[in-house]
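Keep the 3D view open as you read.

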Amino acid sequence: METTNKIKVIVTGATGMVGEGVLHQCLLSDKVEAVLVINRKPCGVTHPKLKEIIHADFFNLKPIQDQLEGYNACFFCLGVSSVGMSEEAYYKVTYLLTMHVAEILSRINPDMTFCYVSGAGTDSTEKGRSMWARVKGKTENDLMKLPFKQVFNFRPGFMKSFNGAKNTLPFYKYISWMYPIGRLIYPKGFITLEEVGKAMINTVNRGAGRWILDGKDIVAMANS
């Protein structure tokens, strides 16, 4: 059943492409009452409902833990590419860091909806040949075991940025021309950051009926 609670959300990764897009939608949405971003460096955005905490060590949240209470959503957009990384290094940044933050948030905000940006091709079995897909799969699986109200794992493919975005990945600028064609031919794999943000917002009060959301599911939730 849909509820109408105002959303108070923590957004991580707001200085990255996905996080910037999600933050943008949160600030635009009248469903979102307050936004807290936790960054290692300033995101460069100011807004009446936005609060920013600059914090260098995500493995030690004790100095800011009291400021994380009272939120009913977390849109976790913090992540790195596995390109050039060892499995050990990728595991630390992707799995250990995510779980550390999530465990603290689930303990102090049990009524929280946690939306995790995973990726198309993530391996839920944790046994496949792709290193990044195994690590992402383990992260998804273990997030589901935490005592959150709800957990949703977002598995987008290509994500089109928005006009005015500052953190679009460089190679996206060269392949953005593919988006209209890709959306037409393979809509599951081509979505927009606007849709990602809107879908996350809608999951908080509406749920989603499933805990893994691919591109098609994200578009449907964005328009629900």
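Start with helix H1, which passes H6 in a right-handed crossing (a crossing is right-handed if the near helix is turned clockwise from the far one by less than a right angle, and left-handed if anticlockwise). On the H1 side, the contact is made by Met-17, Val-18, Gly-21, Val-22, Gln-25 and Cys-26, and H6 brings in Leu-193, Glu-194, Val-196, Gly-197, Lys-198, Met-200 and Ile-201. Contact here means heavy atoms within 4.5 Å. Sorted by class, these residues come out as eight nonpolar, three polar and two charged; Ala, Val, Leu, Ile, Met, Phe, Trp, Tyr, Cys and Pro count as nonpolar, Asp, Glu, Lys and Arg as charged, and the others, Gly among them, as polar.

Before going on, a word on what you're looking at: this is a predicted model, where local features need pLDDT of at least 70 and side-chain atom pairs count only at pLDDT 80 or more, while totals for chains, interfaces and linings use all residues. Residues are numbered from 1 along each chain as its sequence is written, and side-chain values use heavy atoms, with hydrogens and water left out.

The protein has seven helices and nine strands. These are DSSP runs numbered from the N terminus, with helices (H or I) of at least four residues and strands (E) of at least two. Of its 224 residues, 52% count as buried (under 20% relative accessible area, with exposed meaning over 50% and partly exposed in between, using a 1.4 Å probe and protein chains only). Among contacts between residues at least 6 apart in sequence, 67% join residues at least 24 apart.

Stay with H6 and look at its other partner, H7 (residues 215–222): the two pack at an angle of about 70°, with their axes 7 Å apart. Axes are lines fitted to C-alpha atoms, for helices over the stretch in contact, and angles run from 0 to 180 degrees between N-to-C directions. Glu-195, Val-196, Lys-198, Ala-199, Asn-202 and Thr-203 of H6 meet Ile-218, Val-219, Met-221 and Ala-222 of H7.

Is Ala-208 buried or partly exposed? Its relative accessibility is 24%, so Ala-208 counts as partly exposed. Leaving out residues up to four places away in sequence, Ala-208 touches Phe-152, Thr-203, Leu-213 and Met-221.

Thr-113, in strand S5 (residues 113–117), is another story. With 0% relative accessibility, Thr-113 counts as buried. Setting aside neighbours within four places in sequence, its contacts include Phe-152, Thr-203 and Val-204. Thr-113 and Phe-148 are 35 residues apart in sequence, yet 6.3 Å separates their C-alpha atoms.

Finally, turn to H2 (residues 87–108) and H3 (residues 131–143), whose axes come within 10 Å and cross at roughly 15°. H2 and H3 are therefore roughly parallel to each other. Their crossing is right-handed.

Technical notes. Angles under 35 degrees count as roughly parallel, over 145 as roughly antiparallel, 65 to 115 as roughly perpendicular and the rest as oblique.
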